[in-house]
Amino acid sequence: MEDKRNIQIIEWEHLDKKKFYVFGVAMTMMIRVSVYPFTLIRTRLQVQKGRSLYHGTFDAFIKILRADGVTGLYRGFLVNTFTLISGQCYVTTYELTRKFVADYSQSNTVKSLVAGGSASLVAQSITVPIDVVSQHLMMQRKGEKVGRFHVRGNLEGQGVVAFGQTKDIIRQILRADGLRGFYRGYVASLLTYIPNSAVWWPFYHFYAEQLSYLCPKECPHIVFQAISGPLAAATASILTNPMDVIRTRVQVEGKNSIILTFRQLMAEEGPWGLMKGLSARSSQRTPSTILLTWMGGPYERPQTPLRLRHKLDSNTW
């Protein structure tokens, strides 16, 4: 049996590109459907003042389910699926950048750090306008206005349909902020997701390598891969959640300053306000990493069409 400490990395040139993209899109959609409610809950928790609406992830889940039904947990989902494009751009940029950096450094950490940051820069340039619209749709609730904009008609199945609501939100953004409104919070997004991606990859490799020393040689690679993915996601989430809260508030509340948003949040809710939505964010990311691990392995075979190492960052999912 191969020494588990010698973990082979499958590079870009080893992949079957057609299978890579086809399976990548299919897996992304499956994961998106399963974790989207946590994305919506995270957004509402981060925007609410104190605990004015919800007392936590579970409380938000129950209240949204009771008030709006299952469909309430999927507001903005159709719009959000357009980020599938940015997800594929993320993966491609990550792979090509990693290959480029390999000419200058063979360090896995260096390649992951540079490639992860570069991939996030490209992906966020596509994702931010979609996020701005979908987050405003996430904030729609029956009978009250909780976001900056409110769609016409009611949310009880009558009046405007899903795409009608999307068009209404787009019009309101254009009316209020012009085209620049679709890139509100772009800098905050970069400050959230570039560090998140850059930190996630090195931590994933670190945890995988450490676990490979601890696990017996008979233990399949996929076991400690399945553990290291969620560990890396949890670590990155904790480190970047403060900026994620600020990003969400800038985009949803229409604020113009990251610094002023930070100061206001600290003044109103203190340091704990920077951790709002962390449990929902972790709940969103952990199932993604576990599912992708089991669907992507074993990755030590060069002919494997999907590679775990390059599919676990939930920024793209």
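This is a predicted model: local features need pLDDT of at least 70, side-chain atom pairs count only at pLDDT 80 or more; totals for chains, interfaces and linings use all residues.

Modeller: Residues are numbered from 1 along each chain as its sequence is written, and side-chain values use heavy atoms, with hydrogens and water left out.

Colleague: Why is Val47 called buried?

Modeller: A residue is called buried under 20% relative accessible area, exposed over 50% and partly exposed in between, with a 1.4 Å probe and protein chains only. Val47 has a relative accessible area of 5%, and therefore counts as buried. Val47 belongs to helix H1, residues 17–47, and touches Met139, Thr248, Arg249, Val252 and Glu253 when residues up to four places away in sequence are not counted; a contact here means heavy atoms within 4.5 Å.

Colleague: What makes Lys63 and Asp59 a salt bridge?

Modeller: The term requires a side-chain nitrogen of Lys or Arg within 4 Å of a carboxyl oxygen of Asp or Glu, and the N to O distance for Lys63 and Asp59 is 3.2 Å, as a salt bridge. The two residues are separated by about one helical turn, because they are 4 residues apart in helix H2, residues 57–68; helices are DSSP runs of H or I with at least four residues, strands are runs of E with at least two, and both are numbered from the N terminus. Lys63, at 32% relative accessible area, is partly exposed, and Asp59, at 22%, is partly exposed as well.

Colleague: How do you know whether Arg184 is buried or exposed?

Modeller: Its relative accessibility is 13%, so Arg184 counts as buried, whereas its salt-bridge partner Asp177, found at 3.1 Å from N to O, is partly exposed with a relative accessible area of 22%.

Colleague: Which parts does the pair Asp244 and Arg281 tie together, and why?

Modeller: The side chains of Asp244 and Arg281 meet in a salt bridge at 3.6 Å, N to O. Asp244 lies in helix H8 (residues 221–253) and Arg281 in helix H10 (residues 278–296), so the pair ties together parts that are 37 residues apart in sequence. Both Asp244 and Arg281 are buried, and salt bridges with shared partners join Arg42, Asp244, Arg247 and Arg281 into one network.
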